[in-house]
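Biologist: I'd like to learn how to read a structure like this one, feature by feature. Could you walk me through it?

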Amino acid sequence: LTLLFKRRQLLVNLDHPNVVKFYDLFFTTDSVYWEVTATYRGPTLQVFLQRHGALPEERCRPIAQQLFS
């Protein structure tokens, strides 16, 4: 549990345009863990890849750079 709450604190304070906004986490009475995040419109990565197939490296490189900047 301690690691989850450390993770929560880190994510709540994280503010980056390429990362989904994290608001909170909680456990239900039956010990199920939930995260509360922002909701965004558009397809998931899985749906995108199913529609378009694997992306070539040239297309992945700028996406990865955005994610890790």
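Predicted model: local features only at pLDDT ≥ 70, side-chain atom pairs only at ≥ 80, totals over all residues.

Modeller: Gladly! Let's begin with E35, which is partly exposed at 31% relative accessibility. The words have cut-offs: buried is under 20% relative accessible area, exposed is over 50%, and partly exposed is in between, with a 1.4 Å probe and protein chains only.

Biologist: How many salt bridges does a search of the whole structure find?

Modeller: The general idea first: side chains of opposite charge can pair when their charged atoms come close. The cut-off is a side-chain nitrogen of Lys or Arg within 4 Å of a carboxyl oxygen of Asp or Glu. Here the search finds 3 salt bridges. One of them joins R7 to E35, with the closest N and O atoms 2.3 Å apart. R7 belongs to helix α1 (residues 2-13) and E35 to strand β2 (residues 33-37), so this pair ties together parts 28 residues apart in sequence. Helices (H or I, at least four residues) and strands (E, at least two) are DSSP runs, numbered from the N terminus.

Biologist: Which side chain meets R8 in a salt bridge?

Modeller: That of D24, at 2.8 Å from N to O. This pair also links distant parts of the chain, with R8 in helix α1 and D24 in strand β1 (residues 22-27), 16 residues apart. R8 is partly exposed at 22% relative accessibility, and D24 is partly exposed at 30%.

Biologist: Where do R61 and E57 lie?

Modeller: Both lie in helix α3 (residues 57-67), 4 residues apart, about one turn of the helix. E57 is exposed at 54% relative accessible area, whereas R61 is partly exposed at 42%.

Biologist: How do β1 and β2 run, and how many bridges join them?

Modeller: Strands pair if DSSP finds at least two bridges between them. β1 and β2 run antiparallel, joined by 5 bridges. Their hairpin has 5 residues between the strands, and S31 there takes a positive phi near 65°. F27 has Y33 in β2 as its bridge partner.

Biologist: How do I read an aromatic pair?

Modeller: A pair of aromatic rings is described by the distance of the centres and the angle of the planes. Rings of Phe, Tyr and Trp (its six-membered ring) pair with centres within 6.5 Å; planes under 30 degrees apart are stacked, over 60 edge-to-face, and the rest tilted. This structure holds 1 aromatic pair. F27 and Y33 form it, tilted, at 5.6 Å centre to centre with 50° between the planes.

Biologist: Last one: is helix α2 buried or in the open?

Modeller: Of its 8 residues (45-52), the number buried is 0, so α2 lies largely in the open. After α2 comes G53, with a positive phi near 80°.

Methods:
Residues numbered from 1 in each chain as written. Heavy atoms only, no water.
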